[in-house]
Amino acid sequence: MKTKKHGFVPSLDGRLEDRIVLNGAHGSGGVIVTLPGGERTHVPREAILTTRTYNNVLVNVHRATQQFGRTQGVQRDYDVLSRQLGKQLGRLPYARQDGLVDYVNDSLQFYAPSESRQLYHDIRSTAVSFLSFKVLNGEAAIRKSPGHFFSDADIYGRHAAIFNQNSMD
C-alpha cells in the first residue's frame, strides 16, 4: 500500500481582488513621459507603439489599398478592404476603443478603387493625427526600433507630424 505524499497546496491570503491590485502596482511596465508642458505621466506598456510596428501597419495598409485599387469595387471588395484595414489599424494604441477603426471603415464608401492612392494618403494622415493627439496628451508613446524605416519621418526629424518621444525616460 502506497502512502500519499504531501505536496504543496496554495492558500489564498486575502481576497483575489486585493492580490490583483498588488500585482498591478509592482512594475506593470510602461514608461514615464514628459509632456510638452513639462507634466510627467505614465504610459502603460500596451499604449507604447514601436516604429517597427507603425511601419508594418503602414506597409500593410498600403498593400490593402493597392489591392483594392485593382478590384471592381463591388461590396465584397469593400468588405475585404474593411477587414484588412481594421486588422492593421487595430494594432495602434486605442484605435478600436476610441473609434479610429470605425471612422476609417465608415469612410471607405466615399472612395472608388481608382482613388486607392488618395485613400492610402488619407488613412495615413488620419492615423498620424490620431497618434499625435494620443502622444501629446500622454495617453500613448512611441519607441524607436532599431533600424530606420520610411515611416520614421512621421515621428522624427524637423517635419515630424507625431510628437517625438525623445522626452521618454
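Which element of the protein has the lowest mean pLDDT, and which the highest?

## Confidence of the model

This structure is a predicted model. Helix H1 (residues 16–25) has the lowest mean pLDDT among the elements of the protein, at 36, whereas H3 has the highest, at 98. The stretch of residues 8–27 has pLDDT below 50 and, beyond near neighbours in sequence, makes 3 contacts in the model. Where pLDDT is low, the predicted coordinates should not be read in detail.

For the protein, the mean pLDDT is 81, and 74% of the residues reach 70 or more.

## Overall architecture

The protein contains 5 helices and 4 strands. Along the sequence these elements follow the pattern α-β-β-β-α-α-α-α-β.

Of the 169 residues, 36% count as buried. Among contacts with a separation of 6 or more, 64% are between residues 24 or more positions apart.

## The pairing of helices H2 and H3

The axis of helix H2 (residues 51–69) comes within 9 Å of the axis of H3, and the two cross at roughly 175°. An angle over 145 degrees counts as roughly antiparallel, and H2 and H3 are therefore roughly antiparallel to each other. On the H2 side, the contact is made by Asn56, Val57, Asn60, Val61, Ala64, Thr65, Gln67 and Phe68. On the H3 side, the contributing residues are Asp77, Tyr78, Leu81, Gln84, Leu85, Gln88 and Leu89. By class, the residues of this contact comprise 8 nonpolar, 6 polar and 1 charged.

Thr65, located in helix H2, is one of the residues in the contact with H3. Its relative accessibility is 1%, so Thr65 counts as buried. Apart from neighbours within four places in sequence, Thr65 is in contact with Leu81, Ser116, Leu119, Tyr120 and Ile123. Of these partners, Leu81 belongs to the H3 side of the helix contact, while Ser116, Leu119, Tyr120 and Ile123 fall in the residue range of helix H5 (residues 116–136).

The salt bridges in the model number 2. In one of them, the side chains of Lys134 and Asp98 meet at 2.2 Å, N to O. This pair joins distant parts of the chain, 36 residues apart: Lys134 lies in helix H5, and Asp98 lies in the loop between helix H3 (75–89) and helix H4 (100–107). A further salt bridge joins the side chains of Lys134 and Glu139 at 2.8 Å, N to O.

## His42 in strand S2

His42 is found in strand S2, which spans residues 40–43. With 39% relative accessibility, His42 counts as partly exposed. The C-alpha atom of His42 is separated by 5.7 Å from that of Val31, a residue 11 positions away along the chain.

Notes:
Residues are numbered from 1 along each chain as its sequence is written. This is a predicted model: local features need pLDDT of at least 70, side-chain atom pairs count only at pLDDT 80 or more; totals for chains, interfaces and linings use all residues. Side-chain values use heavy atoms; hydrogens and water are left out. A salt bridge is a side-chain nitrogen of Lys or Arg within 4 Å of a carboxyl oxygen of Asp or Glu. Axes are lines fitted to C-alpha atoms, for helices over the stretch in contact, and angles run from 0 to 180 degrees between N-to-C directions. Angles under 35 degrees count as roughly parallel, over 145 as roughly antiparallel, 65 to 115 as roughly perpendicular and the rest as oblique. Contact means heavy atoms within 4.5 Å. Ala, Val, Leu, Ile, Met, Phe, Trp, Tyr, Cys and Pro count as nonpolar, Asp, Glu, Lys and Arg as charged, and the others, Gly among them, as polar. pLDDT is the predictor's confidence in each residue, from 0 to 100. Buried means under 20% relative accessible area, exposed over 50%, partly exposed in between (1.4 Å probe, protein chains only).
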